[in-house]
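Me: I am new to this structure and would like a close look at one part of it. Could you walk me through how one chain meets its neighbours?

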Protein chains: 4
Amino acid sequence: MFSDEFYPRFSDTDALGHINNTCIPVWFEGAREGVFKVFSPDLDLKTWPLILAKIDVHFHAQIFYGEKIEVRTFVSRIGNSSFDVYQEVWQQDECKASGTAVMVHFCYQQQRAVAIDENLKQILLSHAPTQEKRS
Amino acid sequence: MFSDEFYPRFSDTDALGHINNTCIPVWFEGAREGVFKVFSPDLDLKTWPLILAKIDVHFHAQIFYGEKIEVRTFVSRIGNSSFDVYQEVWQQDECKASGTAVMVHFCYQQQRAVAIDENLKQILLSHAPTQEKRS
Amino acid sequence: MFSDEFYPRFSDTDALGHINNTCIPVWFEGAREGVFKVFSPDLDLKTWPLILAKIDVHFHAQIFYGEKIEVRTFVSRIGNSSFDVYQEVWQQDECKASGTAVMVHFCYQQQRAVAIDENLKQILLSHAPTQEKRS
Amino acid sequence: MFSDEFYPRFSDTDALGHINNTCIPVWFEGAREGVFKVFSPDLDLKTWPLILAKIDVHFHAQIFYGEKIEVRTFVSRIGNSSFDVYQEVWQQDECKASGTAVMVHFCYQQQRAVAIDENLKQILLSHAPTQEKRS
(Lines give C-alpha, C1' and ligand atoms only; values in the text may rest on other atoms or scores of the structure.)
Protein backbone atom coordinates (compact mmCIF):
# COMPACT_ATOMS: atom_id res chain seq x y z
CA MET A 1 0.00 0.00 0.00
CA PHE A 2 1.04 3.57 -0.67
CA SER A 3 -0.29 6.16 1.80
CA ASP A 4 -0.70 9.89 1.14
CA GLU A 5 -1.81 12.15 3.98
CA PHE A 6 -2.80 15.81 3.71
CA TYR A 7 -5.47 18.33 4.66
CA PRO A 8 -8.12 19.40 2.11
CA ARG A 9 -7.71 22.97 0.91
CA PHE A 10 -10.40 25.63 1.24
CA SER A 11 -10.63 25.77 -2.57
CA ASP A 12 -11.49 22.03 -2.54
CA THR A 13 -14.88 22.80 -0.95
CA ASP A 14 -18.00 23.63 -2.95
CA ALA A 15 -21.21 25.51 -2.26
CA LEU A 16 -22.76 22.46 -0.59
CA GLY A 17 -20.21 22.90 2.22
CA HIS A 18 -18.23 19.70 1.59
CA ILE A 19 -15.29 18.71 -0.60
CA ASN A 20 -16.28 18.81 -4.27
CA ASN A 21 -16.33 15.44 -6.03
CA THR A 22 -13.92 16.59 -8.75
CA CYS A 23 -11.13 16.73 -6.13
CA ILE A 24 -11.08 12.94 -5.73
CA PRO A 25 -9.60 12.17 -9.19
CA VAL A 26 -7.00 14.89 -8.51
CA TRP A 27 -6.12 13.38 -5.11
CA PHE A 28 -6.06 9.89 -6.59
CA GLU A 29 -3.69 10.88 -9.40
CA GLY A 30 -1.47 12.65 -6.87
CA ALA A 31 -1.44 9.53 -4.66
CA ARG A 32 -0.47 7.28 -7.61
CA GLU A 33 3.00 8.86 -7.51
CA GLY A 34 4.30 5.75 -5.70
CA VAL A 35 3.06 3.64 -8.62
CA PHE A 36 4.60 6.08 -11.13
CA LYS A 37 7.97 5.66 -9.38
CA VAL A 38 7.86 1.88 -9.89
CA PHE A 39 8.02 2.58 -13.63
CA SER A 40 10.02 5.84 -13.54
CA PRO A 41 12.07 6.14 -10.32
CA ASP A 42 13.15 9.74 -11.07
CA LEU A 43 9.69 10.76 -12.42
CA ASP A 44 11.32 11.98 -15.65
CA LEU A 45 8.55 13.73 -17.58
CA LYS A 46 10.33 13.35 -20.94
CA THR A 47 10.17 9.53 -20.89
CA TRP A 48 6.85 9.07 -19.15
CA PRO A 49 5.88 5.38 -19.42
CA LEU A 50 2.20 5.29 -18.43
CA ILE A 51 -1.17 6.28 -19.83
CA LEU A 52 -4.58 6.26 -18.18
CA ALA A 53 -7.34 4.20 -19.82
CA LYS A 54 -10.22 4.48 -17.36
CA ILE A 55 -11.15 5.71 -13.91
CA ASP A 56 -14.15 5.19 -11.69
CA VAL A 57 -14.95 6.75 -8.33
CA HIS A 58 -17.65 5.69 -5.86
CA PHE A 59 -18.72 8.41 -3.42
CA HIS A 60 -19.66 6.78 -0.09
CA ALA A 61 -19.97 9.76 2.28
CA GLN A 62 -19.40 13.50 2.39
CA ILE A 63 -15.82 14.65 2.91
CA PHE A 64 -15.23 17.58 5.25
CA TYR A 65 -12.90 20.55 5.27
CA GLY A 66 -10.63 20.80 8.32
CA GLU A 67 -10.06 17.06 8.88
CA LYS A 68 -7.04 15.11 7.65
CA ILE A 69 -7.31 12.91 4.55
CA GLU A 70 -5.46 9.67 3.92
CA VAL A 71 -5.47 8.24 0.39
CA ARG A 72 -4.59 4.53 0.37
CA THR A 73 -3.36 3.11 -2.93
CA PHE A 74 -3.15 -0.56 -3.95
CA VAL A 75 -2.33 -2.43 -7.16
CA SER A 76 -5.41 -4.61 -7.56
CA ARG A 77 -4.79 -6.29 -10.96
CA ILE A 78 -1.70 -6.87 -13.08
CA GLY A 79 -2.14 -7.81 -16.74
CA ASN A 80 0.33 -8.09 -19.60
CA SER A 81 0.69 -4.38 -20.28
CA SER A 82 -2.12 -2.90 -18.16
CA PHE A 83 -2.88 -2.91 -14.45
CA ASP A 84 -5.48 -1.59 -12.01
CA VAL A 85 -4.83 0.81 -9.16
CA TYR A 86 -7.49 0.67 -6.44
CA GLN A 87 -7.64 3.68 -4.12
CA GLU A 88 -9.57 4.80 -1.06
CA VAL A 89 -10.11 8.20 0.60
CA TRP A 90 -10.18 7.87 4.40
CA GLN A 91 -11.25 10.61 6.81
CA GLN A 92 -12.00 10.16 10.52
CA ASP A 93 -11.78 6.33 10.30
CA GLU A 94 -14.31 6.17 7.47
CA CYS A 95 -13.77 5.24 3.84
CA LYS A 96 -15.42 8.23 2.14
CA ALA A 97 -14.69 7.38 -1.52
CA SER A 98 -13.03 4.62 -3.49
CA GLY A 99 -12.14 3.98 -7.09
CA THR A 100 -10.06 2.17 -9.64
CA ALA A 101 -7.75 3.54 -12.32
CA VAL A 102 -6.87 1.32 -15.27
CA MET A 103 -3.33 2.19 -16.33
CA VAL A 104 -1.35 1.02 -19.35
CA HIS A 105 2.43 0.71 -19.65
CA PHE A 106 2.81 2.85 -22.74
CA CYS A 107 5.41 4.12 -25.19
CA TYR A 108 4.42 7.68 -26.18
CA GLN A 109 6.92 7.77 -29.08
CA GLN A 110 5.52 4.62 -30.71
CA GLN A 111 2.01 5.30 -29.32
CA ARG A 112 1.53 1.68 -28.24
CA ALA A 113 1.19 -0.48 -25.11
CA VAL A 114 4.33 -2.17 -23.80
CA ALA A 115 4.50 -5.44 -21.79
CA ILE A 116 5.35 -4.96 -18.10
CA ASP A 117 8.70 -6.55 -17.12
CA GLU A 118 8.52 -9.45 -14.68
CA ASN A 119 10.59 -7.63 -12.02
CA LEU A 120 8.22 -4.64 -12.14
CA LYS A 121 5.27 -7.02 -11.82
CA GLN A 122 6.83 -8.35 -8.60
CA ILE A 123 7.13 -4.83 -7.20
CA LEU A 124 3.53 -4.04 -8.18
CA LEU A 125 2.41 -7.33 -6.61
CA SER A 126 3.89 -6.25 -3.27
CA HIS A 127 1.27 -3.50 -3.24
CA ALA A 128 -1.68 -5.83 -3.84
CA PRO A 129 -4.63 -5.46 -1.42
CA THR A 130 -4.39 -9.11 -0.30
CA GLN A 131 -0.62 -8.90 0.20
CA GLU A 132 -1.35 -5.90 2.38
CA LYS A 133 -3.87 -7.72 4.57
CA ARG A 134 -1.50 -10.65 5.06
CA SER A 135 1.36 -8.49 6.32
CA MET B 1 -28.88 16.26 -25.45
CA PHE B 2 -27.22 19.16 -23.71
CA SER B 3 -24.20 20.65 -25.49
CA ASP B 4 -21.41 22.65 -23.86
CA GLU B 5 -18.72 24.19 -26.07
CA PHE B 6 -15.51 25.86 -24.92
CA TYR B 7 -11.76 25.95 -25.42
CA PRO B 8 -9.43 24.12 -23.01
CA ARG B 9 -7.38 26.45 -20.81
CA PHE B 10 -3.59 26.47 -20.70
CA SER B 11 -3.78 25.34 -17.06
CA ASP B 12 -5.74 22.26 -18.23
CA THR B 13 -2.61 20.87 -19.92
CA ASP B 14 -0.05 18.72 -18.14
CA ALA B 15 3.63 17.92 -18.65
CA LEU B 16 2.81 15.29 -21.27
CA GLY B 17 1.63 18.13 -23.52
CA HIS B 18 -2.07 17.20 -23.58
CA ILE B 19 -5.10 17.97 -21.44
CA ASN B 20 -4.74 16.34 -18.02
CA ASN B 21 -7.25 13.56 -17.30
CA THR B 22 -8.49 15.25 -14.11
CA CYS B 23 -10.08 18.00 -16.24
CA ILE B 24 -12.69 15.62 -17.66
CA PRO B 25 -14.67 15.15 -14.42
CA VAL B 26 -14.58 18.95 -14.01
CA TRP B 27 -15.85 19.52 -17.56
CA PHE B 28 -18.49 16.81 -17.11
CA GLU B 29 -19.80 18.33 -13.88
CA GLY B 30 -19.87 21.74 -15.56
CA ALA B 31 -21.80 20.32 -18.51
CA ARG B 32 -24.38 18.67 -16.22
CA GLU B 33 -25.76 22.13 -15.48
CA GLY B 34 -28.61 21.47 -17.91
CA VAL B 35 -29.54 18.40 -15.86
CA PHE B 36 -29.24 20.38 -12.62
CA LYS B 37 -31.72 22.93 -14.01
CA VAL B 38 -34.31 20.20 -14.59
CA PHE B 39 -34.40 19.73 -10.80
CA SER B 40 -33.56 23.31 -9.77
CA PRO B 41 -34.43 25.82 -12.51
CA ASP B 42 -32.79 28.74 -10.67
CA LEU B 43 -29.78 26.65 -9.49
CA ASP B 44 -30.46 27.70 -5.89
CA LEU B 45 -27.50 26.41 -3.87
CA LYS B 46 -29.43 26.46 -0.59
CA THR B 47 -31.95 23.84 -1.70
CA TRP B 48 -29.70 21.70 -3.88
CA PRO B 49 -31.59 18.52 -4.76
CA LEU B 50 -28.92 16.16 -6.16
CA ILE B 51 -26.00 14.10 -4.94
CA LEU B 52 -23.39 12.19 -6.92
CA ALA B 53 -23.03 8.45 -6.23
CA LYS B 54 -20.51 7.33 -8.83
CA ILE B 55 -18.60 8.47 -11.89
CA ASP B 56 -16.56 6.67 -14.49
CA VAL B 57 -14.53 8.08 -17.35
CA HIS B 58 -13.06 6.20 -20.32
CA PHE B 59 -10.13 7.95 -22.01
CA HIS B 60 -10.19 7.14 -25.75
CA ALA B 61 -7.64 9.56 -27.21
CA GLN B 62 -5.43 12.47 -26.21
CA ILE B 63 -7.13 15.86 -25.98
CA PHE B 64 -5.24 18.87 -27.32
CA TYR B 65 -4.86 22.47 -26.24
CA GLY B 66 -5.94 25.05 -28.83
CA GLU B 67 -8.87 23.12 -30.33
CA LYS B 68 -12.52 23.56 -29.37
CA ILE B 69 -14.21 21.04 -27.04
CA GLU B 70 -17.84 19.99 -27.11
CA VAL B 71 -19.23 18.06 -24.15
CA ARG B 72 -22.42 16.18 -25.06
CA THR B 73 -24.67 15.20 -22.18
CA PHE B 74 -27.48 12.60 -22.21
CA VAL B 75 -29.72 11.03 -19.56
CA SER B 76 -29.08 7.33 -20.14
CA ARG B 77 -31.07 5.71 -17.30
CA ILE B 78 -33.94 6.86 -15.09
CA GLY B 79 -34.68 4.91 -11.91
CA ASN B 80 -36.98 5.64 -8.99
CA SER B 81 -34.75 8.18 -7.27
CA SER B 82 -31.49 7.80 -9.20
CA PHE B 83 -30.51 8.29 -12.83
CA ASP B 84 -27.47 8.06 -15.08
CA VAL B 85 -25.93 10.90 -17.05
CA TYR B 86 -23.83 9.72 -19.99
CA GLN B 87 -21.35 12.26 -21.38
CA GLU B 88 -18.86 12.53 -24.21
CA VAL B 89 -15.94 14.88 -24.90
CA TRP B 90 -15.66 15.66 -28.62
CA GLN B 91 -12.74 17.42 -30.30
CA GLN B 92 -12.07 17.64 -34.05
CA ASP B 93 -14.90 15.18 -34.87
CA GLU B 94 -13.54 12.53 -32.52
CA CYS B 95 -15.00 11.27 -29.23
CA LYS B 96 -11.94 11.66 -26.98
CA ALA B 97 -13.48 10.58 -23.66
CA SER B 98 -16.81 9.34 -22.34
CA GLY B 99 -18.29 8.53 -18.99
CA THR B 100 -21.33 8.07 -16.82
CA ALA B 101 -22.33 9.84 -13.62
CA VAL B 102 -24.83 8.14 -11.32
CA MET B 103 -26.86 10.86 -9.66
CA VAL B 104 -29.44 10.64 -6.88
CA HIS B 105 -32.40 12.95 -6.25
CA PHE B 106 -31.53 13.77 -2.65
CA CYS B 107 -32.80 15.73 0.33
CA TYR B 108 -29.75 17.12 2.16
CA GLN B 109 -31.79 18.11 5.22
CA GLN B 110 -33.16 14.60 5.74
CA GLN B 111 -30.05 13.01 4.20
CA ARG B 112 -32.08 10.57 2.11
CA ALA B 113 -32.95 9.76 -1.50
CA VAL B 114 -36.22 11.18 -2.86
CA ALA B 115 -38.36 9.69 -5.67
CA ILE B 116 -38.22 11.62 -8.95
CA ASP B 117 -41.58 13.13 -9.95
CA GLU B 118 -43.19 11.78 -13.10
CA ASN B 119 -43.08 15.14 -14.88
CA LEU B 120 -39.35 15.47 -14.21
CA LYS B 121 -38.85 11.93 -15.53
CA GLN B 122 -40.52 13.03 -18.78
CA ILE B 123 -38.12 15.96 -19.11
CA LEU B 124 -35.13 13.72 -18.37
CA LEU B 125 -36.43 11.20 -20.91
CA SER B 126 -36.36 13.87 -23.61
CA HIS B 127 -32.58 13.92 -23.20
CA ALA B 128 -32.15 10.14 -23.61
CA PRO B 129 -29.53 9.01 -26.16
CA THR B 130 -32.10 7.06 -28.22
CA GLN B 131 -34.59 9.94 -28.15
CA GLU B 132 -31.76 12.08 -29.46
CA LYS B 133 -30.98 9.81 -32.41
CA ARG B 134 -34.64 9.59 -33.35
CA SER B 135 -35.10 13.36 -33.58
CA MET C 1 -9.95 43.97 -26.13
CA PHE C 2 -10.29 40.21 -26.05
CA SER C 3 -13.58 38.89 -24.63
CA ASP C 4 -14.14 35.43 -23.14
CA GLU C 5 -17.65 34.43 -22.09
CA PHE C 6 -18.65 31.33 -20.14
CA TYR C 7 -20.62 30.08 -17.17
CA PRO C 8 -18.87 29.26 -13.86
CA ARG C 9 -18.78 25.55 -13.07
CA PHE C 10 -20.25 24.03 -9.92
CA SER C 11 -16.73 23.00 -8.90
CA ASP C 12 -15.71 26.68 -9.05
CA THR C 13 -17.84 27.43 -5.97
CA ASP C 14 -16.59 27.11 -2.41
CA ALA C 15 -18.19 26.56 0.97
CA LEU C 16 -19.02 30.26 1.29
CA GLY C 17 -21.50 29.80 -1.57
CA HIS C 18 -19.69 31.94 -4.14
CA ILE C 19 -16.96 31.40 -6.73
CA ASN C 20 -13.66 30.64 -5.01
CA ASN C 21 -10.98 33.30 -5.48
CA THR C 22 -8.47 30.81 -6.91
CA CYS C 23 -10.64 30.50 -10.04
CA ILE C 24 -9.85 34.04 -11.15
CA PRO C 25 -6.16 33.41 -12.03
CA VAL C 26 -7.33 30.30 -13.93
CA TRP C 27 -9.97 32.28 -15.83
CA PHE C 28 -7.49 35.08 -16.51
CA GLU C 29 -4.86 32.71 -17.90
CA GLY C 30 -7.53 31.07 -20.07
CA ALA C 31 -8.64 34.47 -21.35
CA ARG C 32 -5.06 35.47 -22.24
CA GLU C 33 -5.22 32.99 -25.12
CA GLY C 34 -5.83 35.90 -27.52
CA VAL C 35 -2.57 37.46 -26.31
CA PHE C 36 -0.75 34.11 -26.62
CA LYS C 37 -1.88 33.91 -30.26
CA VAL C 38 -0.26 37.28 -31.03
CA PHE C 39 3.08 35.61 -30.25
CA SER C 40 2.24 32.05 -31.33
CA PRO C 41 -0.65 31.97 -33.83
CA ASP C 42 -0.91 28.15 -33.75
CA LEU C 43 -0.37 27.94 -29.95
CA ASP C 44 2.51 25.49 -30.50
CA LEU C 45 3.47 24.24 -27.03
CA LYS C 46 6.96 23.17 -28.15
CA THR C 47 8.05 26.71 -29.00
CA TRP C 48 6.14 28.61 -26.32
CA PRO C 49 7.42 32.20 -26.32
CA LEU C 50 6.08 33.69 -23.07
CA ILE C 51 6.69 33.45 -19.34
CA LEU C 52 4.74 34.95 -16.47
CA ALA C 53 6.59 37.25 -14.07
CA LYS C 54 3.83 38.52 -11.78
CA ILE C 55 0.09 38.56 -11.28
CA ASP C 56 -2.21 40.53 -9.05
CA VAL C 57 -5.95 40.24 -8.56
CA HIS C 58 -8.28 42.67 -6.80
CA PHE C 59 -11.56 41.16 -5.59
CA HIS C 60 -14.30 43.79 -5.80
CA ALA C 61 -17.49 41.76 -5.21
CA GLN C 62 -18.67 38.20 -4.79
CA ILE C 63 -19.09 36.19 -7.99
CA PHE C 64 -22.12 33.92 -8.26
CA TYR C 65 -22.77 30.49 -9.70
CA GLY C 66 -25.47 30.35 -12.40
CA GLU C 67 -24.77 33.73 -14.03
CA LYS C 68 -22.65 34.30 -17.13
CA ILE C 69 -19.09 35.58 -16.81
CA GLU C 70 -17.26 37.82 -19.26
CA VAL C 71 -13.50 38.21 -18.91
CA ARG C 72 -12.23 41.33 -20.69
CA THR C 73 -8.54 41.40 -21.56
CA PHE C 74 -6.43 44.43 -22.50
CA VAL C 75 -2.72 45.05 -23.10
CA SER C 76 -2.05 47.90 -20.67
CA ARG C 77 1.74 48.36 -20.99
CA ILE C 78 4.30 47.41 -23.64
CA GLY C 79 7.99 47.45 -22.71
CA ASN C 80 11.06 46.21 -24.53
CA SER C 81 10.60 42.52 -23.77
CA SER C 82 7.83 42.58 -21.17
CA PHE C 83 4.24 43.80 -21.22
CA ASP C 84 1.22 44.00 -18.91
CA VAL C 85 -2.14 42.34 -19.48
CA TYR C 86 -4.98 43.99 -17.57
CA GLN C 87 -8.11 41.89 -17.12
CA GLU C 88 -11.57 42.24 -15.63
CA VAL C 89 -14.24 39.74 -14.58
CA TRP C 90 -17.72 41.03 -15.38
CA GLN C 91 -20.99 39.48 -14.16
CA GLN C 92 -24.44 41.08 -14.31
CA ASP C 93 -23.02 44.45 -15.47
CA GLU C 94 -20.61 44.66 -12.55
CA CYS C 95 -16.83 44.40 -12.55
CA LYS C 96 -16.35 41.73 -9.88
CA ALA C 97 -12.55 41.34 -10.04
CA SER C 98 -9.64 42.85 -11.92
CA GLY C 99 -5.94 42.24 -12.18
CA THR C 100 -2.73 42.58 -14.10
CA ALA C 101 -0.34 39.92 -15.37
CA VAL C 102 3.22 40.92 -16.17
CA MET C 103 4.39 38.77 -19.07
CA VAL C 104 7.83 38.45 -20.63
CA HIS C 105 8.66 37.49 -24.23
CA PHE C 106 10.96 34.61 -23.38
CA CYS C 107 13.20 32.03 -25.02
CA TYR C 108 12.93 28.82 -22.95
CA GLN C 109 15.93 27.23 -24.71
CA GLN C 110 18.24 30.11 -23.86
CA GLN C 111 16.31 30.92 -20.67
CA ARG C 112 16.36 34.67 -21.37
CA ALA C 113 14.03 37.54 -22.24
CA VAL C 114 13.69 38.47 -25.91
CA ALA C 115 12.83 41.92 -27.32
CA ILE C 116 9.31 42.20 -28.76
CA ASP C 117 9.26 42.86 -32.54
CA GLU C 118 7.83 46.19 -33.63
CA ASN C 119 5.00 44.60 -35.64
CA LEU C 120 3.92 42.54 -32.61
CA LYS C 121 3.99 45.73 -30.50
CA GLN C 122 1.57 47.28 -32.99
CA ILE C 123 -0.82 44.33 -32.65
CA LEU C 124 -0.57 44.47 -28.83
CA LEU C 125 -1.17 48.23 -28.96
CA SER C 126 -4.47 47.65 -30.76
CA HIS C 127 -5.67 45.93 -27.58
CA ALA C 128 -4.74 48.81 -25.28
CA PRO C 129 -7.48 50.03 -22.89
CA THR C 130 -7.34 53.59 -24.27
CA GLN C 131 -7.37 52.39 -27.90
CA GLU C 132 -10.44 50.40 -26.95
CA LYS C 133 -12.28 53.43 -25.57
CA ARG C 134 -11.42 55.50 -28.63
CA SER C 135 -12.81 52.98 -31.09
CA MET D 1 5.61 31.39 10.56
CA PHE D 2 3.26 28.66 9.40
CA SER D 3 4.86 25.91 7.30
CA ASP D 4 3.03 23.63 4.84
CA GLU D 5 4.97 20.83 3.16
CA PHE D 6 3.75 18.61 0.31
CA TYR D 7 4.65 17.24 -3.10
CA PRO D 8 3.22 18.83 -6.26
CA ARG D 9 0.68 16.64 -8.04
CA PHE D 10 1.03 15.48 -11.65
CA SER D 11 -2.08 17.52 -12.50
CA ASP D 12 -0.26 20.64 -11.22
CA THR D 13 2.13 20.51 -14.19
CA ASP D 14 1.42 22.15 -17.53
CA ALA D 15 2.58 21.62 -21.09
CA LEU D 16 5.76 23.60 -20.46
CA GLY D 17 6.87 20.78 -18.14
CA HIS D 18 6.78 22.77 -14.89
CA ILE D 19 4.16 23.56 -12.28
CA ASN D 20 1.47 25.81 -13.73
CA ASN D 21 1.35 29.31 -12.23
CA THR D 22 -2.34 28.99 -11.27
CA CYS D 23 -1.37 26.41 -8.62
CA ILE D 24 0.39 29.01 -6.49
CA PRO D 25 -2.77 30.89 -5.39
CA VAL D 26 -4.31 27.49 -4.59
CA TRP D 27 -1.28 26.44 -2.51
CA PHE D 28 -1.19 29.84 -0.81
CA GLU D 29 -4.86 29.70 0.17
CA GLY D 30 -4.34 26.15 1.46
CA ALA D 31 -1.33 27.29 3.51
CA ARG D 32 -3.31 30.18 5.04
CA GLU D 33 -5.24 27.63 7.09
CA GLY D 34 -3.08 28.47 10.12
CA VAL D 35 -4.18 32.10 9.77
CA PHE D 36 -7.82 31.04 9.34
CA LYS D 37 -7.58 29.11 12.63
CA VAL D 38 -6.50 32.26 14.50
CA PHE D 39 -9.95 33.69 13.66
CA SER D 40 -11.93 30.43 13.59
CA PRO D 41 -10.21 27.67 15.62
CA ASP D 42 -12.65 24.96 14.45
CA LEU D 43 -12.74 26.26 10.83
CA ASP D 44 -16.56 26.47 11.01
CA LEU D 45 -17.71 27.26 7.47
CA LYS D 46 -21.06 28.64 8.63
CA THR D 47 -19.50 31.53 10.56
CA TRP D 48 -16.50 32.22 8.31
CA PRO D 49 -14.94 35.50 9.47
CA LEU D 50 -12.57 36.47 6.63
CA ILE D 51 -12.74 37.78 3.08
CA LEU D 52 -9.98 38.21 0.53
CA ALA D 53 -9.43 41.70 -0.92
CA LYS D 54 -6.32 41.28 -3.05
CA ILE D 55 -3.57 38.86 -3.94
CA ASP D 56 -0.30 39.21 -5.80
CA VAL D 57 2.21 36.55 -6.77
CA HIS D 58 5.76 37.05 -8.05
CA PHE D 59 7.18 34.11 -10.00
CA HIS D 60 10.93 33.90 -9.38
CA ALA D 61 11.88 30.52 -10.88
CA GLN D 62 10.31 27.44 -12.40
CA ILE D 63 8.84 24.92 -9.97
CA PHE D 64 9.40 21.22 -10.70
CA TYR D 65 7.32 18.09 -10.35
CA GLY D 66 8.84 15.40 -8.12
CA GLU D 67 10.50 17.67 -5.55
CA LYS D 68 9.01 18.66 -2.19
CA ILE D 69 7.41 22.06 -1.73
CA GLU D 70 7.35 24.14 1.45
CA VAL D 71 4.99 27.10 1.67
CA ARG D 72 6.04 29.56 4.38
CA THR D 73 3.35 31.90 5.64
CA PHE D 74 3.83 35.12 7.63
CA VAL D 75 1.56 37.94 8.81
CA SER D 76 3.31 40.98 7.37
CA ARG D 77 0.91 43.82 8.24
CA ILE D 78 -1.88 44.23 10.79
CA GLY D 79 -4.39 47.04 10.34
CA ASN D 80 -7.65 47.85 12.09
CA SER D 81 -9.78 45.27 10.28
CA SER D 82 -7.45 44.12 7.50
CA PHE D 83 -4.05 42.44 7.46
CA ASP D 84 -1.49 41.13 4.98
CA VAL D 85 -0.31 37.56 4.68
CA TYR D 86 3.07 37.22 2.99
CA GLN D 87 3.90 33.77 1.61
CA GLU D 88 6.79 32.03 -0.11
CA VAL D 89 7.07 28.80 -2.12
CA TRP D 90 10.37 27.02 -1.41
CA GLN D 91 11.75 24.09 -3.38
CA GLN D 92 15.30 22.72 -3.18
CA ASP D 93 16.50 25.62 -0.99
CA GLU D 94 15.27 28.24 -3.43
CA CYS D 95 12.39 30.69 -3.07
CA LYS D 96 10.49 30.00 -6.31
CA ALA D 97 7.51 32.29 -5.81
CA SER D 98 6.25 34.80 -3.27
CA GLY D 99 3.16 36.88 -2.76
CA THR D 100 0.90 38.80 -0.46
CA ALA D 101 -2.79 38.32 0.30
CA VAL D 102 -4.74 41.24 1.74
CA MET D 103 -7.39 39.79 4.02
CA VAL D 104 -10.25 41.53 5.84
CA HIS D 105 -11.91 40.47 9.08
CA PHE D 106 -15.46 40.38 7.76
CA CYS D 107 -19.03 39.75 8.84
CA TYR D 108 -20.81 38.00 5.93
CA GLN D 109 -24.26 38.53 7.49
CA GLN D 110 -23.83 42.30 7.77
CA GLN D 111 -21.50 42.39 4.73
CA ARG D 112 -19.03 44.69 6.46
CA ALA D 113 -15.47 44.77 7.83
CA VAL D 114 -15.03 44.13 11.56
CA ALA D 115 -12.17 45.44 13.77
CA ILE D 116 -9.66 42.78 14.81
CA ASP D 117 -9.59 42.13 18.58
CA GLU D 118 -6.38 43.07 20.39
CA ASN D 119 -5.73 39.49 21.51
CA LEU D 120 -6.02 38.21 17.94
CA LYS D 121 -3.63 40.96 16.83
CA GLN D 122 -1.10 39.63 19.35
CA ILE D 123 -1.39 36.11 17.92
CA LEU D 124 -1.05 37.45 14.36
CA LEU D 125 1.96 39.50 15.46
CA SER D 126 3.71 36.33 16.64
CA HIS D 127 3.76 35.24 12.99
CA ALA D 128 5.34 38.45 11.70
CA PRO D 129 8.41 38.02 9.46
CA THR D 130 10.61 40.09 11.80
CA GLN D 131 9.37 38.26 14.91
CA GLU D 132 10.31 35.09 13.06
CA LYS D 133 13.85 36.19 12.35
CA ARG D 134 14.36 37.28 15.96
CA SER D 135 13.34 33.94 17.41
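Reply: Happy to. Let us begin with confidence: chain A has a mean pLDDT of 95, and 96% of its residues reach 70 or more (pLDDT is the predictor's confidence in each residue, from 0 to 100). For the complex, the predictor gives an ipTM of 0.94 and a pTM of 0.96. This is a predicted model, in which local features need pLDDT of at least 70 and side-chain atom pairs count only at pLDDT 80 or more, while totals for chains, interfaces and linings use all residues. Residues are numbered from 1 along each chain as its sequence is written, and chains are lettered from A and ligands numbered from 1 in the order in which they are written.

Now to the side of chain A that touches chain B. Here 17 residues of chain A are in contact with 17 residues of chain B, where contact is defined as C-beta atoms, placed from the backbone, lying within 7 Å. Helix H1 and strand E2 (50-59) of chain A each supply at least two residues of this side; helices (H or I, at least four residues) and strands (E, at least two) are DSSP runs, numbered from the N terminus. E2(A) gives the most, with eight residues. By class, this side has eleven nonpolar, three polar and three charged residues (nonpolar: Ala, Val, Leu, Ile, Met, Phe, Trp, Tyr, Cys and Pro; charged: Asp, Glu, Lys and Arg; polar: the others, Gly among them).

E2(A) also pairs across the boundary: five bridges join E2(A) to strand E2 (residues 50-59) of chain B, and the two run antiparallel (strands pair if DSSP finds at least two bridges between them). In this pairing, Lys54(A) stands opposite His58(B).

H1(A) is mostly covered, with nine of its nine residues buried, among them Trp27(A) and Glu29(A) (buried: 20 or more other C-beta atoms within 10 Å of the residue's own, all placed from the backbone; exposed: 12 or fewer; partly exposed: in between).

Finally, the symmetry. Chain A can be laid on chain D with an RMSD of 0.0 Å by a turn of 180 degrees and a shift of 0.0 Å along the axis (superposed by least squares on C-alpha atoms of residues with pLDDT of at least 70 in both copies). That is the relation of a two-fold axis. The same surface serves both copies, as 100% of the contact residues of chain A recur in chain D. Of the residues of chain A, Phe6(A) comes closest to the rotation axis, at 3.9 Å (C-alpha).

Note on methods:
Contact = placed C-beta atoms within 7 Å.
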